[in-house]
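Here is a short briefing to read with the model open beside you. Take the topics in any order you like.

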Amino acid sequence: MTKKKVYIFNSNSRAAVYGIGTYITQLTDCLQEEDIEFGLIHIHAEGDEVAITEKEGYQQISIPTTDFSNFQSRQYYARNIAYLLKELIPYEKGVEYIFHLNFMNNPELVSSLKRMFKCKVILVAHYSNWSFSLLGDYSKLQQILAKRPGKRNYKEQSIAKDVKEDTKMIAKCDKFVCIAQHSLESFAHICRLDPKKIVLINNALRDYYSPVDEKQKRIIRQKYHIPEEVPLLIFAGRLDEVKGITFLIHAFKKVLERHTNARLLIAGDGSFNQWLKEAENIWPQITFTGRIEREVLYELYQIANIGIVSSIYEEFGFVAIEMMMHQLPIIVSDIGGLSEIVEDEISGLKVPIVHDGKQRVVDTKVLSAKIVQLIEQPYHAKILAVNARTRFLEKYDLTVFRRKMLNLYRET
């Protein structure tokens, strides 16, 4: 049997602190528990020199970034990565290397790796530039691609180019992994993919849930100066437009008309000024925590009444499964991966995304109504919470992810 060594690529970016960073942490945890050698390669890293370090039994290689003023410089950087790795990764007879990429839009890197190594390349689509630019509006993408190139504006030309580059990159890879069914269907249709090459493996989390009784909840609430009778809502994530924070705050204002003592916790980093302005006149009822440690966030999940993921677009939705893991009743936007994670009225509630004539928006009227519903119907909220945890254990626990990823490595 051929020995395999896995090298996981990460590209330093803000997303790596959140979704992709979480994914890589879960993946390395799985590999450390199995008899598979692996390493981690950071590209576009900070610093001026290549750095090699050992961490918890595996090697990390950091390759500094360079100028990307044009297409040729990006290709040059991709080729140099492969040349560097050929020097840094020793040849072993009978070993097949698997390079696991976690970013799109870099077909030259795949070609260069295959020239330099006897290897297989697995590509995981956490997001694509075109899906992010259009906030997952697949119909808009189809309209752009249907246009003649000369009729596209600058943004549309950039999107069409991204699709072309992604298609080229996927074609060069041995396996293409989608983290959600909607992504698989979009890529398969737009990029005309070979069905044998595509694999669906949902993201997952290690189960850290630790039940607390009512007495413990009171103690935790006292710790954070939140009275026992206060309905507590929690949002977690980057403070970006795509996360729908504006709509959440507007909906929360409507909730306060009925439940004046309700509190909203917004946990995540970013620029606070915009959201503070949106929250004008209700500042005492909203707490912006900034980015907090996982242990603190999990304590807040334990005492919250409702978790909310109000994104305009979400490729998957790590925060949603994190809340479900903690047996928290959740309300999510009916969009992208969130639509697949939550079964409406069974393991959570969904809020529609509507078009206001200019753009897609969260229906704040429905969102506020569903928040009020769960505040006023605690028994119903409890049923949703229990079902949410059951769904997490069945589909999004790390053991499910581990089995599928290990099979992928062994069969590639």
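In this predicted model, His-182 counts as buried, because its relative accessibility of 19% falls under the 20% cut-off. His-182 is found in helix α7, which covers residues 181-190. Leaving aside residues up to four places away in sequence, His-182 touches Tyr-313, Glu-314, Glu-315, Gly-336, Gly-337 and Glu-340. The points below move on to the sheets, the helices and the aromatic residues.

**The eight-stranded sheet**

- Eight strands make up an open sheet with mixed pairing, and their order is β3-β4-β2-β1-β5-β6-β7-β8.
- The edges are taken by β3 (51-55) and β8 (198-200); each has a single partner strand, so one side of each lacks a neighbour in the sheet.
- On average, neighbouring strands of this sheet are turned by 25° against each other, direction ignored.
- Helix α3 (residues 107-116) packs on the sheet and touches β1, β5 (95-101) and β6 (119-125), with a direction that makes about 160° with that of β6.
- Another helix, α16 (residues 398-411), lies across β1, β5, β6, β7 (175-178) and β8, and runs at about 120° to β1.

**Strand β2 and its partners**

- How many of the nine residues of strand β2 (residues 37-45) are buried? Seven of them are, so the strand is largely enclosed by the rest of the structure.
- Strand β1 (residues 3-11) pairs with β2 in the parallel sense, over seven bridges.
- Within that pairing you can look for Val-6, whose bridge partner in β2 is Phe-38.
- With strand β4 (residues 58-64), β2 also pairs in the parallel sense, here over five bridges.
- Two places to check along β4 are Gln-60, the bridge partner of Leu-40, and Pro-64, which stands opposite Ala-45.

**The six-stranded sheet**

- A further open sheet has six strands in the order β11-β10-β9-β12-β13-β14, and its pairing is parallel.
- From one strand to the next, the twist averages 20°.
- Inside this sheet, β12 and strand β13 (residues 330-333) pair in the parallel sense over three bridges, and Ile-308 stands opposite Ile-331 in β13.
- Helix α9 (residues 245-258) packs on the sheet, where it touches β9 (232-236), β10 (263-267), β11 and β12; the direction of α9 makes about 170° with that of β10.
- Helix α11 (residues 294-303) lies across β9 and β10 and runs at about 145° to β9.

- Helix α14 (residues 364-376) packs against α15 at an angle of about 100°, and their axes are 5 Å apart.
- That angle makes α14 roughly perpendicular to α15, because values from 65 to 115 degrees are classed this way.
- Where do the two helices meet? Gln-373, Leu-374, Ile-375 and Glu-376 in α14 meet Pro-378, His-380, Ala-381 and Leu-384 in α15.

**Aromatic pairs around Phe-316**

- The count of aromatic pairs comes to 15.
- In one of them, the ring centres of Phe-316 and Phe-318 are 5.8 Å apart and the planes stand at 75°, so this pair is edge-to-face.
- Phe-316 also forms an edge-to-face pair with Tyr-396, at 5.9 Å centre to centre and 70° between the planes.
- Phe-316 lies in the loop between β12 (306-309) and α12 (318-325), while Tyr-396 belongs to helix α15 (residues 378-396), so their pair ties together parts that are 80 residues apart in sequence.
- Are these residues buried or exposed? Phe-316 is buried at 5% relative accessible area, Phe-318 is buried at 13%, and Tyr-396 counts as buried at 1%.

**An aromatic cluster and charges over rings**

- Tyr-7, Phe-9, Tyr-97, Phe-99, Phe-103 and Phe-117 form one aromatic cluster.
- Lys-86 lies over the face of Phe-117, at 5.0 Å from the ring centre.
- Arg-294 lies over the face of Tyr-208, and its distance from the ring centre is 4.1 Å.

Definitions and conventions
Residues are numbered from 1 along each chain as its sequence is written. This is a predicted model: local features need pLDDT of at least 70, side-chain atom pairs count only at pLDDT 80 or more; totals for chains, interfaces and linings use all residues. Side-chain values use heavy atoms; hydrogens and water are left out. Buried means under 20% relative accessible area, exposed over 50%, partly exposed in between (1.4 Å probe, protein chains only). Helices (H or I, at least four residues) and strands (E, at least two) are DSSP runs, numbered from the N terminus. Two strands pair if DSSP finds at least two bridges between them. Rings of Phe, Tyr and Trp (its six-membered ring) pair if their centres lie within 6.5 Å; planes under 30 degrees apart count as stacked, over 60 as edge-to-face and the rest as tilted. A charge sits over a ring if NZ of Lys or CZ of Arg is within 6 Å of the ring centre and within 35 degrees of the ring normal. Axes are lines fitted to C-alpha atoms, for helices over the stretch in contact, and angles run from 0 to 180 degrees between N-to-C directions. Angles under 35 degrees count as roughly parallel, over 145 as roughly antiparallel, 65 to 115 as roughly perpendicular and the rest as oblique. Contact means heavy atoms within 4.5 Å.
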